[in-house]
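Open the model in your viewer and keep the sequence panel beside it. The tour goes from selection to selection.

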Amino acid sequence: VKYSDVPREMTKEDIKNIIEAFRLGAERAKRAGFDGVELHGANGYLVDNFLRSNSNQRTDEYGGSAANRCRFALEVIDALASVFGPERVGIKVSPLSPYNGMHDENPVETYGYLLEQLSARGIGFVEIRDAEDAEGLARFPDIIQTLRPYFKGTLIGNTGFDFEKGNAAIASGKADLISFGRLYISNPDLVERFRLGKELSQPDPKTFYVGGPKGYTDYPFLSA
């Protein structure tokens, strides 16, 4: 593969090869003993670039309408499902996250269509990252609840949850499960702290993605 300093639109052959690379990755994960795989379809990375209207400027069958912009993600999901079966495949999406300059003009149309197609395929789960910035929350105060009717399977809520908010989301039916990221970084014994009702250590965002142990493996466990 030759890389260029100037990004270019993927060709149909590129798309075919990338989908095959995802499939091969799933095969290797299965041989390594993985129970399943989650496709990263969030935060401005490749799959998200196809999904969202501001980044996807294609004029072929992979761009334009919501159905076309979802095509790549669904083809990757089908490739992963061919290895593990759909019930052992999931996807994470971030309909409102501005991370990496992302935006979608109509996230309910885009992700509503995507979730309906994923529901029809019977995939294992969809993980939805909630909005946490002022603009996203102003547009959709509760995007997870808004999208909940479009997916009939297991739905995982992510971002902005703590013990109380997570349990409330599950009790209301908004989500079936809650995932934690940043709180797990700063609380390696998060489950035990939840169980005992102990105070949580707060993460330091300045140490995210900088490499090394500081802010990654040096947060303390509860005292014995």
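This is a predicted model: local features need pLDDT of at least 70, side-chain atom pairs count only at pLDDT 80 or more; totals for chains, interfaces and linings use all residues.

Residues are numbered from 1 along each chain as its sequence is written, and side-chain values use heavy atoms, without hydrogens and water.

Select Asn 43 to begin. Asn 43 sits in the loop between strand 1 (37-41) and helix 2 (46-51); helices (H or I, at least four residues) and strands (E, at least two) are DSSP runs numbered from the N terminus. Its phi is positive, near 65 degrees, in a residue other than glycine. Most residues other than glycine have a negative phi. Asn 43 has a relative accessible area of 11% and is therefore buried (under 20%; exposed is over 50%, partly exposed in between, with a 1.4 Å probe and protein chains only).

Next, select Thr 159, in the loop between strand 4 and helix 7. Thr 159 also has a positive phi, near 85 degrees, and counts as buried because its relative accessibility is 10%. Now click Gly 160, in the loop between strand 4 (154-158) and helix 7 (163-172). Gly 160 is at 54% relative accessibility, so it counts as exposed. From Gly 160 to Lys 174 is 14 residues in sequence and 14 Å in space, C-alpha to C-alpha.

Finish with helix 3 (residues 66-84) and helix 4 (residues 107-121). Which residues of helix 3 meet helix 4? Among them are Ala 66, Cys 70 and Ile 77, and the helix 4 side includes Tyr 113 and Leu 118 (contact means heavy atoms within 4.5 Å).
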